[in-house]
Amino acid sequence: MPGGFSDQELSEKARRFRVLIIGRANSGKTTILKKICNTTDDPIVYDDRGKRISNLALKPTRNRGMHDIESEISFRSSPQFVFHDSRGFEAGGKEEMEKVKTFISERSKSKKLQDQIHVIWYCIPMDNDRPVTHAEEEFFSKSVIKKVPVVLIFTKCEALQGAAVNKLQNQGLTWEQAVQGGPEHAEEILNMVNEVVKQKPYPPQAHICLQGKLFYQITKLMGLNMYLELNQPHTTCHDLVKHTAAVLTSKNLQALFISTQQNSLELAMEYSIRCPIHFK
């Protein structure tokens, strides 16, 4: 077992790894959760009293600001994962921000490891002209998030390709030249957006970029650029898993997180060798 833990020991210390996923409506959050859990099934949702509720509560609506961040989302394929969705956060209003701040703060105070938020995945879709809104500026300026590691996930990055080609054509390049130079220019645009977030008081610890059919990882943390066909049934979110494990400062949490990975034997072996630790 990873880190020398038995299933029983891990279960006693913390039964589930808890993720807060933040992002606007239609930013690809549900797709990410299904891929990380290696399933195409709909999620199972429970309210804070343990009562199962309809999956319709997860669907974007005009009233998406009316939500309950305490609701727990899980999948039968990966029962050790539990997710919380901050639907409505894109509004960037004071009420939405306070709900998220309070949720993170209260969970951080919990004495039970299984009830704490272990990592935040913050999704920013790149299919609009202003990807970094007031909501992002506010979030990454709040000291409360220093209590939880954050992985920034740029979604719908394929939109950058079209924007890059159009910009290069407007600069006088032919269509063929613009298409050839598109990927490099798209990466420049993404890096500029990422720099905006990195300049905030409490920036994320890592970032990756997701596309509709390709998973493009851009990160200094691992020093790698990688493409992965995310739409194929056999593929996994290995790089999101790897980055999440890397930003966890607690070796106990790393062990717990790795123990949830049914499709990342390579990662489990890596941390088993590197972190042969035991719960205290």
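Q: Which residues in α5 meet which residues in α6?

A: Contact here means heavy atoms within 4.5 Å, and by that criterion Leu-160, Gln-161, Ala-164, Val-165, Lys-167, Leu-168 and Gln-169 in α5 meet Trp-175, Ala-178, Val-179, Gly-181, Gly-182, Pro-183, His-185, Ala-186, Ile-189 and Leu-190 in α6. The residues of this contact between α5 and α6 divide into 11 nonpolar, five polar and one charged, where Ala, Val, Leu, Ile, Met, Phe, Trp, Tyr, Cys and Pro count as nonpolar, Asp, Glu, Lys and Arg as charged, and the others, Gly among them, as polar. This is a predicted model, in which local features need pLDDT of at least 70 and side-chain atom pairs count only at pLDDT 80 or more, while totals for chains, interfaces and linings use all residues. Residues are numbered from 1 along each chain as its sequence is written, and side-chain values use heavy atoms, with hydrogens and water left out.

Q: At what angle do the axes of α5 and α6 cross?

A: Axes are lines fitted to C-alpha atoms, for helices over the stretch in contact, with angles running from 0 to 180 degrees between N-to-C directions. The axes of α5 (residues 158–170) and α6 (residues 175–198) come within 7 Å and cross at roughly 120°. Angles under 35 degrees count as roughly parallel, over 145 as roughly antiparallel, 65 to 115 as roughly perpendicular and the rest as oblique; α5 and α6 are therefore oblique to each other.

Q: How are α7 and α8 oriented to each other?

A: The axes of α7 (residues 238–247) and α8 come within 9 Å and cross at roughly 160°, and the two helices are therefore roughly antiparallel to each other. By class, the contact of α7 with α8 has five nonpolar, two polar and no charged residues.

Q: How many residues of α8 are buried?

A: Buried means under 20% relative accessible area, exposed over 50%, and partly exposed in between, with a 1.4 Å probe and protein chains only. Helix α8 (residues 251–259) is mostly covered, with seven of its nine residues buried, among them Leu-253, Phe-257 and Ile-258. Of these, Phe-257 and Ile-258 also take part in the contact with α7.

Q: What share of the residues in the protein is buried?

A: Helices (H or I, at least four residues) and strands (E, at least two) are DSSP runs, numbered from the N terminus, and the protein has nine helices and 10 strands. Buried residues make up 49% of its 280 residues.
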